[in-house]
Amino acid sequence: MSDVDISPGIYDGISNAEYHQSQALSASGMKLLLEAPAKFDHARKNPVFKDVFDFGSLWHKLVFRDDVERFVIIQKKDKTGAIVDSDSRDTVYAKAHIAEIRESGAIPVLAAELTKAQAMVEAFWANPRAKEYVDLAGGAVEQSAFWVDERSGVQTAGALRSSAQPGRRQAVPDR
């Protein structure tokens with residue numbers, strides 16, 4: 001995974017992949033660096049992929065109607081050799097397909113996960129308080145901030161989530 005150079009500023013629409021590929025030092029990176037520099041270096045060179053992270057990314061992108069083409073349904077070969085949507089990540093073909101999906105920069109999901117996430121999104125938008133929160137935030141509920149620390153000269157990054165309240169808007173650091 002190659003580093004992405006992002007100029008200092010506050011951005012809407014930075015993908016999770018771009019954020020984590022940036023050369024900037026994040027709060028998560030700082031924690032690892034303090035624990036052991038070798039762990040920090042290893043984590044940057046060997047990103048960890050987890051099904052729950054993929055599902056969370058899927059839900060987030062569906063809720064905010066952003067970049068959903070980055071998700072690809074995992075497939076497998078059935079008993080006849082036909083390619084079909086997989087119901088598991090554990091078959092040899094599904095594992096190979098997952099690797100191909102990740103290599104392309106997309107995120108692998110099962111069809112059942114997509115269905116579940118879509119139902120959760122419907123429930124989210126049916127909740128008047130959730131809709132009000134997003135409306136108050138002006139739709140920009142998450143932004144990425146990149147800056148250079150003046151004392152160290154190190155480029156740093158953080159995610160800001162809106163804490164919209166009637167009459168005012170606050171940004172709450174998230175990463």
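Okay, hi everyone. What you're looking at is a predicted model. The protein chain has 7 helices and 8 strands. Of its 175 residues, 33% are buried. And if you take contacts with a separation of 6 or more, 50% of them are between residues 24 or more positions apart.

So, helix α6. It runs over residues 111-126, which is 16 residues. From the first C-alpha to the last, α6 reaches 23 Å, close to the 22 Å expected at 1.5 Å a residue. Now look at who's hidden: E113, A117, V121 and F124 are buried in α6. Look down the axis and the buried residues of α6 fall within an arc of 75°, so they line one face of the helix.

Next up, a pair of helices. Two packed helices are described by the angle between their axes and the distance between the axes. Take α2, residues 27-35, and α3, residues 37-45: their axes come within 5 Å and cross at roughly 140°. That makes α2 oblique to α3. Who's touching whom? From α2 we've got G29, L32, L33 and E35, and from α3 there's P37, K39, F40 and A43. Sort that contact by class and you get 5 nonpolar, 1 polar and 2 charged residues.

That's my bit, thanks!

Methods: Residues are numbered from 1 along each chain as its sequence is written. This is a predicted model: local features need pLDDT of at least 70, side-chain atom pairs count only at pLDDT 80 or more; totals for chains, interfaces and linings use all residues. Side-chain values use heavy atoms; hydrogens and water are left out. Helices (H or I, at least four residues) and strands (E, at least two) are DSSP runs, numbered from the N terminus. The expected span of a helix is 1.5 Å times one less than its number of residues. Buried means under 20% relative accessible area, exposed over 50%, partly exposed in between (1.4 Å probe, protein chains only). The arc is that of the directions from the helix axis to the C-beta atoms. Axes are lines fitted to C-alpha atoms, for helices over the stretch in contact, and angles run from 0 to 180 degrees between N-to-C directions. Angles under 35 degrees count as roughly parallel, over 145 as roughly antiparallel, 65 to 115 as roughly perpendicular and the rest as oblique. Contact means heavy atoms within 4.5 Å. Ala, Val, Leu, Ile, Met, Phe, Trp, Tyr, Cys and Pro count as nonpolar, Asp, Glu, Lys and Arg as charged, and the others, Gly among them, as polar.
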